Amino acid sequence: MFVWGALVLLLGATVAVAHLHLLAKYSVLAALFIASIKAGLVVTFFMHLVHEEARLKLMLLLAVSIFTLIIAVTFIDIWYR
Amino acid sequence: MIATGTAHSIDYRGKKLGMWLFLFTELLFFAALFLLYAVFRYQYPQDFHNAAGHENIVLGTVNTLLLLTSSLTLALSITTIKEAKNRLSAFWQGATIIQGCIFLVDKYFEWAAKISLGLYPGSPILLERNHGEILYYGLYYVMTGIHGLHVFLGIAVIAYMVKLTLRGNITDQDFIKLENTGLYWHFVDIIWIYLFPLFYLIT
């Protein structure tokens, strides 16, 4: 637990620093990517997803996929306006 | 079907699953707001960048660290309750509550600063700004506001858990209430993990 506490804290600090350097258009993707890693760590270890049964992991995957799909499909519209 | 070897409460798996299902609905609830954010930021990138430039990154980073650490302390409270250390568990829950409260206090300062500048939804000063900036502030208030409400409710629930833990209603054999509270709190933390870069770190 302490290991992961340290890791997550480290990640938090690193993100703040990383974004102080001006990135290009890909800053959004980079921000989301790092945020996703942090979220992944929280879900896996703090929320004990490692210890959960496969069915629950699948449900979570489904929920997140629907989330991503909603945004992706909306953008298919937005991009071509 | 019932988890073997663990003497938890009746229908432990059902209760856990119920919490996860609720969190999925919460995820979709916030997803709608993130969708709005995504579309409007795509349409007004410069305005979003300008508006976000006024955010206090230090305060935002502190808040992120607060929630991350509070997730750790709540996880520790569950580890300790499994060892039947109720008082220690309640201590960790208390630590979580304190960090949550500091988070809300920080948010109060941030909101107060903006409102004192006349930048609140519908204000004449805000309405004179660019359209993209108006959208940014609208989203800012709604998303951090609803997230803050979730933090507040989480604090209230954890406070109730402290009471149950000290009274002995939550034990090393039956701590699903605390576990589900933990799931909720971690979820709120994750939402903030995404809110932080999207509102504070727009380069």
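## Working through a two-chain model

Ala84(B) sits in the loop that links α3 (57-82) to α4 of chain B; helices here are DSSP runs of H or I with at least four residues, numbered from the N terminus. Before we start: this is a predicted model, where local features need pLDDT of at least 70, side-chain atom pairs count only at pLDDT 80 or more, and totals for chains, interfaces and linings use all residues. Residues are numbered from 1 along each chain as its sequence is written, with chains lettered from A and ligands numbered from 1 in the order in which they are written.

**Exercise 1.** Work out whether Ala84(B) is buried or exposed, and what its phi is.

*Solution.* Start with the cut-offs: a residue is buried if 20 or more other C-beta atoms, placed from the backbone, lie within 10 Å of its own, exposed if 12 or fewer, and partly exposed in between. Ala84(B) has 12 C-beta neighbours inside 10 Å, so it counts as exposed. Now the backbone: phi of Ala84(B) is near 60 degrees, a positive value in a residue other than glycine. Most residues other than glycine have a negative phi.

**Exercise 2.** Describe how α2 of chain A packs against α7 of chain B.

*Solution.* Take the angle: α2(A) (residues 27-46) and α7(B) (residues 176-200) pack at about 170 degrees, with axes 9 Å apart. Axes are lines fitted to C-alpha atoms over the stretch in contact, and angles run from 0 to 180 degrees between N-to-C directions. Angles under 35 degrees count as roughly parallel, over 145 as roughly antiparallel, 65 to 115 as roughly perpendicular and the rest as oblique. The two helices are therefore roughly antiparallel to each other.

Next, the residues that meet, where contact means C-beta atoms, placed from the backbone, within 7 Å. Among them are Ala35(A) and Phe46(A) from α2(A), and Ile190(B) and Tyr194(B) from α7(B).

**Exercise 3.** How many residues does each chain bring to the contact?

*Solution.* Chain A gives 27 residues and chain B gives 30. On the chain A side, α1 (2-18), α2 and α3 (54-79) each supply at least two residues.

Technical notes:
Contact = placed C-beta atoms within 7 Å.
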